[in-house]
Amino acid sequence: MPSNFTDLADYLRDFKPGGYPVARVKEMVCLRCAGRTFAVGTVTWSNDETRSIAFEVDGAPQGPLDGDTIYSVIAESWHDVSGTLHHDGTYPACLAGEKDEPDSMDQRRVELEVLHRDTGAQPQHIAVHVHCLD
């Protein structure tokens with residue numbers, strides 16, 4: 001299965017549905033999305049004081065030596081499980097720890113709207129919207 005754009009382009013060039021080869025493959029960016037991506041996965045750790053989460057994207061390969069992928073949660077609004085929009089700047093309830101305990105190890109399914117920022121070293125992942133799925 002292709003794991004990056006180059007792999008996908010090679011795969012598509014070799015794929016010939018109905019005998020017609022793919023002549024050109026071009027990487028596109030969603031201009032309406034302003035560079036955002038959307039990901040569904042599992043939050044394995046959360047800290048509501050630092051507004052940070054460890055997030056595993058569904059289907060992304062995770063090696064035994066891979067560390068956690070940390071996301072900063074700057075979402076001004078979020079959707080709860082029932083679909084209600086909360087637009088009050090609070091930390092998403094599905095990510096929050098117990099009272100007086102900012103860390104949570106509860107695994108929660110979420111959909112994130114994310115900005116990715118290249119810092120020259122480790123990429124920075126910034127969640128600008130959270131939709132709690134459970």
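Student: Which residues gather in a patch of negative charge on the surface?

Tutor: The model is a predicted one. Membership of such a patch requires over 30% relative accessible area and no salt bridge. The residues that gather in the negative patch on the surface are Glu 49, Glu 98, Asp 100, Glu 101 and Asp 103.

Student: Is Asp 100 buried or exposed?

Tutor: Asp 100 is found in the loop between strand S5 (85-86) and strand S6 (103-104). Its relative accessible area is 72%, and the class "exposed" begins over 50%. Asp 100 is therefore exposed.

Student: What is the phi of Asp 100?

Tutor: Asp 100 is not a glycine, yet its phi is positive. The value for Asp 100 is about 65°.

Student: Where does Arg 51 lie, and what is its relative accessible area?

Tutor: Arg 51 also is not a glycine and has a positive phi, of about 55°. Its place is in the loop between strand S1 (36-47) and strand S2 (52-57). Arg 51 counts as partly exposed because its relative accessible area, which falls between the 20% and 50% limits, is 23%.

Student: Among contacts between residues at least 6 apart in sequence, what percentage join residues at least 24 apart?

Tutor: A contact here means heavy atoms within 4.5 Å. Among the contacts in the protein chain that join residues at least 6 apart, the part that joins residues at least 24 apart is 50%.

Student: Which residues does Val 81 touch, not counting those up to four places away in sequence?

Tutor: Val 81 lies in the loop between strand S4 (78-79) and S5. Its C-alpha atom is separated by 9.2 Å from that of Val 110, which is 29 residues away along the chain. With residues up to four places away left out, Val 81 touches Cys 132, Leu 133 and Asp 134.

Student: What percentage of the accessible surface belongs to carbon and sulfur atoms?

Tutor: Of the 134 residues of the protein chain, 27% count as buried. The accessible surface of the chain comes to about 9200 Å². The part of that surface belonging to carbon and sulfur atoms is 53%.

Key: Residues numbered from 1 in each chain as written. Predicted model: local features only at pLDDT ≥ 70, side-chain atom pairs only at ≥ 80, totals over all residues. Heavy atoms only, no water. Patch = residues over 30% accessible without salt bridge, like charges linked within 9 Å, V, L, I, M, F, W, Y side chains within 5 Å. Areas by Shrake-Rupley, 256 points an atom, 1.4 Å probe, with all protein chains shown as cover. Salt bridge = Lys/Arg side-chain N within 4 Å of Asp/Glu carboxyl O. Lys, Arg positive; Asp, Glu negative; His and termini not counted. Charge placed at Lys NZ, Arg CZ, Asp CG, Glu CD. Helix = DSSP H or I, 4+ residues; strand = E, 2+ residues; numbered from the N terminus. Buried < 20%, exposed > 50% of the residue type's maximum accessible area, 1.4 Å probe, protein only.
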